[in-house]
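User: I would like to learn how to read pockets, cores and ring pairs in a model. Please take me through them.

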Amino acid sequence: MKAATKKSFVIFLLFAFLIFGVSMNSFAASAAEHNALASQFENLTKEMRTKVDELSHKSRSSYFGRNAKRKKSRVTNKIRKYEKAATEYAEQAAYHHQLAAEQLELNSAAYQNQINLSSNL
């Protein structure tokens with residue numbers, strides 16, 4: 001394999017492991033866990049957006065010939081995929097922030113009920 005192909009393959013494998021690792025850890029029970037997951041998704045969103053920025057500079061360079069068109073189309077396709085992943089990660093982060101807020105609200109309501117019950121005795 002060529003060096004570029006090996007590098008692409010390694011990046012693909014790391015990206016796949018990252019996706020599967022995050023999806024396996026998506027089960028959270030407390031607000032702190034939801035906030036931790038939200039920060040993970042926010043970090044993934046930032047990574048995807050930096051990749052988009054890097055590739056967008058690469059796609060602007062001028063090449064000539066048939067291979068240049070193929071290369072540009074591959075780069076634009078990667079940009080689209082990274083943008084889609086970034087929006088999905090941002091949605092997941094917002095979702096986990098919402099769940100964390102709801103969890104905190106439920107915990108505070110339960111605590112208030114417990115105080116009210118103990119004061120009535």
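**Reading the pocket, core and ring pair**

Analyst: Helices H1 (3-24), H2 and H3 each supply at least two residues to the lining of the largest pocket. Helices here are DSSP runs (H or I, at least four residues), numbered from the N terminus. This is a predicted model: local features need pLDDT of at least 70, side-chain atom pairs count only at pLDDT 80 or more, and totals for chains, interfaces and linings use all residues. Residues are numbered from 1 along each chain, and side-chain values use heavy atoms, without hydrogens and water.

User: Which helix gives the most to the lining of the largest pocket?

Analyst: Rolling a probe the size of a water molecule over the atoms shows where empty space is left. Here H1 gives the most, with nine residues. The lining divides into 10 nonpolar, three polar and eight charged residues.

User: Which residues make up the largest nonpolar core?

Analyst: A nonpolar core joins buried residues (under 20% relative accessible area) through side-chain atoms within 4.5 Å. This one has 12 residues, among them Phe 41, Met 48, Ala 86 and Tyr 89. H3 provides the largest share, seven residues.

User: How many aromatic pairs does the structure hold?

Analyst: Rings pair if their centres lie within 6.5 Å; planes under 30 degrees apart are stacked, over 60 edge-to-face, the rest tilted. The structure holds one pair. The centres of Phe 41 and Tyr 89 are 6.0 Å apart and their planes at 35 degrees, so the pair is tilted. Phe 41 lies in H2 (residues 31-60) and Tyr 89 in H3 (residues 66-120), so the pair ties together parts 48 residues apart in sequence.

Notes. Ala, Val, Leu, Ile, Met, Phe, Trp, Tyr, Cys and Pro count as nonpolar, Asp, Glu, Lys and Arg as charged, and the others, Gly among them, as polar. Buried means under 20% relative accessible area, exposed over 50%, partly exposed in between (1.4 Å probe, protein chains only).
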